[in-house]
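Dear colleague,

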Amino acid sequence: MSALIEIRGLGIRFGPRWILRRVDLEVARGELLALVGGSGCGKTTLLRQIVGLLLPTEGGIQLFGEPQHAGDRDTRQDRQRRLGMLFQQGALFSALNVFDNVAFPLRELGFLPEAEIRDLVFTKLAMVEISHDAAWRMPAELSGGMIKRVALARALALDPELLLLDEPTAGLDPDRAGAFVELIRALHSALNLTVVFVTHDLDTLSALASRVAVVAERRILAVGPLDQIVHVQHPFIERFFLSERSLHALRRGKQSD
């Protein structure tokens, strides 16, 4: 499979402090890659870098075979439309109802008739199992699980090739988290998506990831299938994956496959 994302020598610094340094990573088209690491290690910063919310201090990223920030404004916008982002808390517009939240990126295109936008919005909501009636609710009226689903529908509004998820199951109870993971797996298969997600939840990790990249010490410490990562001899990896609680979660993930 060809690489959809190529990261070479990436460094990100905030003031005098380096968050990431000399990061190299490739994400193959069609895979489900998890970014894991301790709090403050830079995994969410790396995700935001891939989205284009940050400029690198050094090195760079290629998306879809092109330098991330190359080209004129229209070229960059076209590239950005090929990816969708689900933020940790959903980041829905509080003043817009569900329908208008999902319609927002479609209306931003500026050339779709409202009737077509309506059809597309209801199609995306159906994909994430949100009913027509719920389309007129405000974000404050939604449960945490519904907020995640609506935000996912908005991330999918422009039919992206690349889907980026920041802690997709954070704040959900185990049943809702499991259902959301199954939804992502189904959409990944049905839409031929490439998915990169940040998580600290080992149940989500073991159930969803085809590969894992461990972020520690300002770099990618290890990358590979989960059953290989757990055998890497490093203090952080041993603490993260091989505690009694972690091993229970990993076993649950294997049983659910």
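Contact here means heavy atoms within 4.5 Å. Among contacts in the chain between residues at least 6 apart in sequence, 63% join residues at least 24 apart. The model is a predicted one, in which local features need pLDDT of at least 70 and side-chain atom pairs count only at pLDDT 80 or more, while totals for chains, interfaces and linings use all residues. Residues are numbered from 1 along each chain as its sequence is written, and side-chain values use heavy atoms, with hydrogens and water left out.

Overall, the chain has 10 helices and 10 strands (DSSP runs, H or I of at least four residues for helices and E of at least two for strands, numbered from the N terminus). For 257 residues, a compact globule would have a radius of gyration near 18 Å, and the chain agrees, because its value is 18 Å (over C-alpha atoms; the rule is 2.2 Å times the number of residues to the power 0.38). Buried residues, those under 20% relative accessible area with a 1.4 Å probe and protein chains only, make up 48% of the 257 residues.

The axes of H3 (residues 98-109) and H5 (residues 144-155) come within 8 Å and cross at roughly 25° (lines fitted to C-alpha atoms over the stretch in contact, with angles from 0 to 180 degrees between N-to-C directions). H3 is therefore roughly parallel to H5, the term for angles under 35 degrees. Val98, Asn101, Val102 and Pro105 of H3 make the contact with Val150, Ala153 and Arg154 of H5.

Methods:
Angles under 35 degrees count as roughly parallel, over 145 as roughly antiparallel, 65 to 115 as roughly perpendicular and the rest as oblique. Buried means under 20% relative accessible area, exposed over 50%, partly exposed in between (1.4 Å probe, protein chains only).
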